[in-house]
Amino acid sequence: MISVTDDALPELVDAHCHVDLYGKDEAAVIEQIEHQRVHTIAVTNAPSVFFHTRDKARGRTYLHPAVGLHPELVPSHGHELELMWPHLAETRFVGEIGLDYVTSDRELRQRQREVFSQILTRCAERGCHVLTIHSRRSASDVVAAIGDSFPGTVILHWFSGTTRELERAVNAGCWFSVNPAMLRSAGGIQAVQRMPRDRVLTETDGPFAKMAGRACWPQDCSQALVGIARAWGMQPDEVRSAIAANFKRAVEIGSP
Ligand code: MN
């Protein structure tokens, strides 16, 4: 069993969590992140709310604030895109960004692609970012937009594309963050088995992702470790060490 209170164990990793959306539990979530040593990429959904998480992260070791513009919020918050650029100098973490093709509206998909492409261009110019990317029903276009020589670390969060799309993403150099929900389906387990083990991280996507009828908290990424261990035929503590080492490399790759 994994004991997360043991300081001798490697750090945990939650590469995609909406820390600012836990309401009254936010302070307790941040305490858990520091106390349980969970390196957490705290994604945000619009540039205008980034400052909140940035300020909470001051003086903390494990809370990494990310500036983002969620594809589903492009209609309501797309006009905030310009607000994002100054923040790219304040944090190396970017997300949640990407494409979401649940909408079949062609114009909306086009607008999402424009926003995503502008963000990628700005990040590539600075060349020192770690990106956490949403690709629901849009993996092919997401991977095409990233290209195969993006100067930074690109993490596809909660990947749910086809085997072919996964292959393309792997060839493009993408990383993957895996959550407990993905490991509950046969397709998700197969995808995890095909991911390069040196480019996999854990995540929760809390509070949106649920476990046992409640919102996932960052420490629940340890459940993803258990599922990945099963998928890879390894011990959970071996996977824990591998993911901690992967996170350090993921962050280094993004450095200037
Ligand atoms: Mn998310």
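Arg 214 is partly exposed, with a relative accessibility of 38%. Its side chain meets that of Asp 220 in a salt bridge, 3.0 Å from N to O. Asp 220 is buried, at a relative accessible area of 11%. The model described here is predicted.

In the whole structure, a search finds eleven salt bridges. Three of them are listed below.

| Salt bridge | N to O distance |
|---|---|
| Arg 54 and Asp 55 | 3.1 Å |
| Asp 100 and Arg 136 | 2.8 Å |
| Asp 220 and Arg 214 | 3.0 Å |

The side chains of Asp 100 and Arg 136 meet in a salt bridge. This pair links distant parts of the chain, 36 residues apart: Asp 100 is in the loop between β4 (93–98) and α5 (106–126), and Arg 136 is in the loop between β5 (129–134) and α6 (139–146). Asp 100 is buried at 2% relative accessibility, whereas Arg 136 is partly exposed at 35%.

Arg 54 and Asp 55 belong to a network of salt bridges that also links Arg 58 and Glu 90. Asp 55 is partly exposed, at 34% relative accessibility.

The structure also holds a manganese ion, whose protein donors are His 16 (NE2), His 18 (NE2), Glu 96 (OE) and Asp 205 (OD), at 2.3 to 2.4 Å. Along the chain these donors follow the spacing H-x1-H-x77-E-x108-D. His 16 lies in strand β1 (residues 12–17) and Asp 205 in the loop between β8 (200–202) and β9 (210–211), so this pair ties together parts that are 189 residues apart in sequence. His 16 is buried, with a relative accessible area of 0%. Asp 205 also counts as buried, at 7% relative accessibility.

Key: Residues are numbered from 1 along each chain as its sequence is written. This is a predicted model: local features need pLDDT of at least 70, side-chain atom pairs count only at pLDDT 80 or more; totals for chains, interfaces and linings use all residues. Side-chain values use heavy atoms; hydrogens and water are left out. Donors are N, O and S atoms within 2.8 Å of the metal (3.2 Å for Na, K and Ca); water is not among the atoms, so sites may look incomplete. Helices (H or I, at least four residues) and strands (E, at least two) are DSSP runs, numbered from the N terminus. Buried means under 20% relative accessible area, exposed over 50%, partly exposed in between (1.4 Å probe, protein chains only). A salt bridge is a side-chain nitrogen of Lys or Arg within 4 Å of a carboxyl oxygen of Asp or Glu.
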